[in-house]
Amino acid sequence: MTLTLPPAEAARELVEPVLREAVGRLDPHTAHVARYHFGWIDDSGQPRAGGGKALRPMLAVLSGRAAGADIARCLPAAAAVELVHAFSLLHDDVMDDDPVRRHRPAAWTVFGRSAAILCGNALLALAGDLLLEQGTPGYVAAARALNLATLSLIAGQAQDLAFQDRDDVTREECLRMSRRKTAALLACACSIGVTAVEGPAGLAASLAAFGTEAGLAFQLADDLLGIWGRTEATGKPVLSDLRTRKKSLPVVAALTGPTEAGRRLAELLARPEPLTEPDLYDAARLIEQAGGRAWAELEAGRRLDAAARHLADADMPADVRDSFLHIARFLASRDH
């Protein structure tokens with residue numbers, strides 16, 4: 001089996017049947033919520049075209065190809081990673097009171113918080129089952145790796161929530177949180193294919209290191225989008241992260257710098273009353289004046305360079321390396 005479509009489209013076509021079969025094992029109500037969340041149906045159950053970019057499944061498929069495996073051997077691992085990603089998004093939207101996901105109402109706003117949480121739990125359980133049922137030592141190891149990545153993701157999310165009640169968060173703490181919350185699952189996606197097909201441990205380690213750095217670059221880009229992203233690009237309201245006073249990386253960089261703009265930003269965000277629209281635009285301007293935006297853009301570039309260095313040291317086909325780099329660059333340079 002060879003890929004003939006652009007990477008994300010190819011991954012969606014290859015992995016979606018595995019995902020649909022897994023979701024079909026759920027009880028009807030939970031399966032309905034899952035199908036809506038994946039973008040396969042609307043809220044009334046009518047089929048629709050849509051869904052996410054399928055970048056994590058593509059990374060998992062590329063991981064197996066880096067080890068010389070046939071794509072079909074990697075598809076359960078790719079689907080499992082996407083199930084965990086879907087679980088995290090369902091729960092994130094509930095915890096953040098985020099009403100929009102991929103340009104339409106988030107699942108919890110349609111089916112209720114409890115249904116969204118239960119659906120997330122079910123998808124997480126499906127991911128483990130999908131790996132373990134393959135019955136090979138490689139897939140058992142892959143299940144272990146995905147569990148560890150999920151635990152890291154959960155720890156990062158808990159730390160992110162705790163940050164909202166603190167006014168002394170440092171950049172180093174914020175980067176460590178992002179490494180857990182975002183980069184751990186991306187690192188797993190980049191290496192799980194090698195693990196599943198029992199490829200070289202050194203290759204898996206190099207790809208995990210690549211994924212960690214690419215994941216941090218992605219989080220920095222995502223945080224920039226959360227402040228300056230256009231609604232048509234993000235599917236969310238402009239200044240969405242500032243509305244919730246989220247301590248994202250550009251915000252923390254601005255708050256911790258020795259600038260007058262950073263001090264004024266801290267005073268603005270400390271106000272007990274809800275922020276008005278003018279307040280939100282003032283906050284974005286102060287973050288930029290304090291250097292938070294420039295730092296995040298430079299740091300994303302540094303992380304992307306580090307990811308490329310890890311990839312350069314790994315032994316794999318040239319076309320696979322090029323595809324990894326293409327996806328990493330996309331993650332780090334989305335329009336904001």
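How many disulfides does the count come to? In this predicted model, the count comes to 0 disulfides. A disulfide requires a pair of cysteine sulfur atoms within 2.5 Å. The cysteine sulfur closest to that of Cys-188 belongs to Cys-190, and because the two lie 9.2 Å apart, they are too far from each other for a bond. Cys-190 likewise takes part in no disulfide, the nearest cysteine sulfur being that of Cys-188 at 9.2 Å. Both residues are assigned to the interior by their accessibility: Cys-188 has a relative accessibility of 5% and so counts as buried, and Cys-190, at 0%, counts as buried as well.

Helix packing was examined next. Two packed helices are described by the angle between their axes and by the distance between those axes. Helix H8 spans residues 171-196 and packs against helix H4, residues 71-96, at an angle of about 165 degrees, with the axes 9 Å apart. This angle makes H4 roughly antiparallel to H8, the threshold for that description being over 145 degrees. The crossing of H4 past H8 is right-handed. On the H4 side the contact is formed by Ala-77, Val-81, Val-84, His-85 and Asp-92, and on the H8 side by Lys-181, Leu-185, Ala-189, Ile-192 and Ala-196. Sorted by class, the residues of the contact of H4 with H8 comprise 7 nonpolar, 1 polar and 2 charged.

H9 passes H15 in a left-handed crossing, whereas the crossing of H4 past H8 is right-handed. From H9, the residues in contact include Phe-210, Leu-216, Leu-220, Leu-224 and Trp-228, together with Ser-206 and Glu-213. The residues they meet in H15 include Arg-293, Trp-295, Glu-297, Arg-303, Leu-304, His-310 and Leu-311. By class, the contact of H9 with H15 contains 16 nonpolar, 2 polar and 5 charged residues.

Most residues other than glycine have a negative phi. Asp-97, although not a glycine, has a positive phi of about 55 degrees. Asp-97 is placed in the loop between H4 and strand S1, residues 100-101. With a relative accessibility of 45%, Asp-97 counts as partly exposed. Glu-198 also has a positive phi, near 60 degrees, in a residue other than glycine.

At 66% relative accessibility, Asp-313 counts as exposed. Along the chain, Asp-313 and His-91 are 222 residues apart, and their C-alpha atoms are separated by 36 Å.

Technical notes:
Residues numbered from 1 in each chain as written. Predicted model: local features only at pLDDT ≥ 70, side-chain atom pairs only at ≥ 80, totals over all residues. Heavy atoms only, no water. Buried < 20%, exposed > 50% of the residue type's maximum accessible area, 1.4 Å probe, protein only. Axes fitted to C-alpha atoms, helices over the stretch in contact; angles between N-to-C directions. Helix = DSSP H or I, 4+ residues; strand = E, 2+ residues; numbered from the N terminus. Parallel < 35°, antiparallel > 145°, perpendicular 65-115°, else oblique. Left-handed = near helix turned anticlockwise from the far one by under 90°. Contact = heavy atoms within 4.5 Å. Nonpolar A, V, L, I, M, F, W, Y, C, P; charged D, E, K, R; others polar.
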